[in-house]
Amino acid sequence: MSRVYVFDHPLIQHKLTYIRDKNTSTKEFRELVDEVATLMAFEITRDLPLKEIEIETPITKAKTKVLAGKNIALVPILRAGIGMVDGVLKLIPTAKVGHIGLYRDPETLKPVEYYVKLPQDVEEREFIVVDPMLATGGSAIEAINALKKRGAKNIKFMCLIAAPEGVEALQKAHPDVDVFIAALDEKLNEHGYIVPGLGDAGDRLFGTK
């Protein structure tokens, strides 16, 4: 079964409070989501492999470490996932960025893939799928299906706020994908919104209704 990491860092929890607040402006909301994504990226990259190289400091030669192994690709789920991309790129500027677009079928209410654009060498990359919310889990599951269908083997999922129902569904569908969450909320309401949540992340990021 995949591992679930819920971040308890004071800076993340502080910023999440203002992300949740309905009085936070679009500008502030965007900035806070960006900042929390950066803080989460610091933790999600903790197990990246290193290799030793030799450099010359102003004093002497030294053996020191650099990143080795798989290259990273970020994949936001459109549209709200875009709000987390720049925050992660601040720490991993060489990461490639793919995109996955999903819409909800009005009859089945299931997510349907309409756009997938990924970096080449999919099998060689470590993918981090980003979306601010993990509610029912449908979009995350379908996005990871899209990656696996194209050969991705190493995938993590990162979101700001999750409902227990979404985490359970994602783990069941993809037991090999670790889940990184800034806050695990109480439940989903009858409309599929996370409680207490933060409302519609896409609308709040882009100032739409």
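Okay, so "buried" here means under 20% relative accessible area, with exposed over 50% and partly exposed in between, using a 1.4 Å probe and protein chains only. By that cut-off, 44% of the 209 residues in the protein chain are buried.

Quick caveats: this is a predicted model, where local features need pLDDT of at least 70, side-chain atom pairs count only at pLDDT 80 or more, and totals for chains, interfaces and linings use all residues. Numbering runs from 1 along each chain as its sequence is written, and side-chain values use heavy atoms, leaving out hydrogens and water.

Next, the fold. We've got 6 helices and 13 strands, meaning DSSP runs numbered from the N terminus (H or I, at least four residues, for helices; E, at least two, for strands). The radius of gyration is 18 Å, close to the 17 Å from the globule rule for 209 residues, so the chain is as compact as a globular protein of that length. That radius is over C-alpha atoms, and the rule is 2.2 Å times the number of residues to the power 0.38. Along the principal axes, the C-alpha trace spans about 65 × 40 × 30 Å.

Now, some strands, which pair if DSSP finds at least two bridges between them. Strand β6 (residues 99-104) runs parallel to β4 (residues 71-78), with 2 bridges, and Ile77 has Ile100 in β6 as its bridge partner. With β7 (residues 111-117), β6 runs antiparallel, through 6 bridges; there, Arg104 partners Pro111 of β7. The β6 and β7 hairpin has 6 residues between the strands, and Leu109 takes a positive phi near 65°.
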